[in-house]
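Please look over the model shown below with its interface and its charged side-chain pairs in mind. A short briefing follows it.

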Amino acid sequence: MSQVMVDVHGVHKSFGPLEVLRGVDLRVRAGEVTVILGPSGSGKSTLLRTINHLEKVNRGWISIDGELIGYRRAGGKLHELKEKDVLKQRTHIGFVFQNFNLFPHLTVLENLIEAPVSALRRPRKEAEETARRLLDRVGLTDKADAYPRQLSGGQQQRVAIARALALEPKVLLFDEPTSALDPELVGEVLDVIKDLAGTGTTMIVVTHEIGFAREVADTVVFMDGGVVVEQGPPAAVLDDPHHERTRAFLSKVL
Amino acid sequence: MASTTDAAPPGAASLGTRPEAPPAPDDPASLKVVPARHYARWAAALAVIVLVAQFVHGLANNPVWEWGVFRDYVLSETIVQAVWVTLQLTAYATVLGFLLGTVLAFMRLSRSPVLQTVAWTYIWIFRSIPMIVQLVFWFNLSALYERLGFGIPFGPVFWSVDSNSVIGTMGAAIIGLTLHQAAYAAEIVRGGVISVDHGQLEAAAALGIPRLRQIRRIVLPQAMRAILPTAGNEIIGLLKGTSVVYVMSIGELFYQVQVIYGRTGRVIPLLLVATAWYVVLTSLLSVAQYYVERRYARGANRTPPPTPFQRARRFVRTLRAAAAQRNQPVVPLKTTGPLGDSR
């Protein structure tokens, strides 16, 4: 539990005149679960999206398992990677969206094997076996041939998690995975994520579920105004926050 | 009604004996329902039926239609061959037009301003020229470019041929129709692509799916839902539009029909021949469109609606079942409409 898996260093990101990230530093060790909390507009989602290069950073850098994301270092310069190489890097980074973004015209099984077959060139049969095992793990063994719209929101999100896992990523990023769900469906998705945390998967979770953060996180990061305000073990950040902004936020959501 | 809820064998209960207490007189549920009477609607329906009957009667009895001549020509070899030419023109222009159109659509959607501008200009020009003008242009291609060849742009030419020898009239017609069609197809495809939720592309990108595969496997199948209805319109329009290539003296349906009535003077029945064929062909295209659309609707509905064919079969099945029931003594009545339980 010592190796740094995700290293975010001085990341700045603006959308036009709007500066969303103003120098974020973050380190996530292998096998750890980091939960990012913060008010909306604090830059949590943008940070997550820069980690798998869905958003390009304006300044700073990000590395995963020692490999720079989106750039190649050569001769004292950073060379921007071509899309093809960025896509290859992304196969190491699982991403779970707030709105699931399952492919509605493909069955659950086809959703799961699409990337392993096309991006990793796995044989179809092998990919299907892995997919079925993953569906088993998220409790959807019998839904392999269903289409996403035939599933509930909670089931869709569990499929989306299985789809991300099918690439055997080094790190899993969750962007508010339960925010689009009806309250009674939140639990089943959180249970799957907790289960993953137990198996030592490196994860960064952006969420509003404080209870989940307390129970599962190794590190809680509080962001506001595009910077990390404070971070530490859940007990420290959630129960004894140092900063006024953290206290104010927690008093509103708890 | 305790007597019927017992596990009585079918047929044991007798109809008609319903020992219920007489309902209270002021209970609306017990009163007879008189349906509303739509006199104006009935009068309008009657008037329309009379008009339609008059028209059909005219079709059958007006000697000018000359149905005998129609029968002689509609399946004649010349006409069938002409229909084949029409179909070929439509097929080539559809396939090539939509291929080129798809390329143009993605050029317009690309991040390169050069590709965007070229595609935009193409669409602008080819949508601005009437098809008939364009066709005549291509017909006179050899006047424009006497020889066609390969070589270094603006430099020496290594190999060339006489343009008339490679591009005959049929070729010129196909090129004209294709280039015209591509401009429209480009906009149809582009409309379909931008209708696909952006999250789909993000998900595909986040999974590291290669770019071309993203388009082919994720974007286009979903775009098809928006593309197909308009594309169906376009293809049907194109099928009928092929009739303008008569200006190039190509033996397609309309040209051939004109040749025959020019010779025999039987204008009306031969126009009927052409009409009948165009109607049959567009109907076939509409049926094909229905099934293609259905295929691309996979996953869009929780339970896809049955096809007309499936519905007809189900209807026949329920009719048969009803008939079989009628032959049996008495069965506890369970009322569902003929399609009531179809899901």
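Which residue of chain A meets the side chain of B:Arg213 in a salt bridge? The partner is A:Glu114, with N to O at 2.7 Å, where a salt bridge is a side-chain nitrogen of Lys or Arg within 4 Å of a carboxyl oxygen of Asp or Glu. This is a predicted model, in which local features need pLDDT of at least 70 and side-chain atom pairs count only at pLDDT 80 or more, while totals for chains, interfaces and linings use all residues. Residues are numbered from 1 along each chain as its sequence is written, chains are lettered from A and ligands numbered from 1 in the order in which they are written, and side-chain values use heavy atoms, with hydrogens and water left out.

**Interface of chain B and chain A**

- In the interface, 24 residues of chain B are in contact with 27 residues of chain A, contact meaning heavy atoms within 4.5 Å.
- The two chains bury about 2,300 Å² between them, 54% of it on carbon and sulfur atoms; buried area is the accessible area (1.4 Å probe) that two parts lose on being put together, summed over both.
- Across this interface the rule finds four salt bridges.
- On the side of chain B that touches chain A, α10 (198-206) and α11 (211-241) each supply at least two residues, helices being DSSP runs of H or I with at least four residues and strands runs of E with at least two, numbered from the N terminus.

**Salt bridges over all chains**

- A search of the whole structure finds 19 salt bridges over all chains.
- One pair is A:Glu215 and A:Lys194, whose closest N and O atoms are 3.3 Å apart.
- Because A:Glu215 lies in helix α7 (residues 210-216) of chain A and A:Lys194 in helix α6 (residues 183-198) of chain A, the pair ties together parts that are 21 residues apart in sequence.
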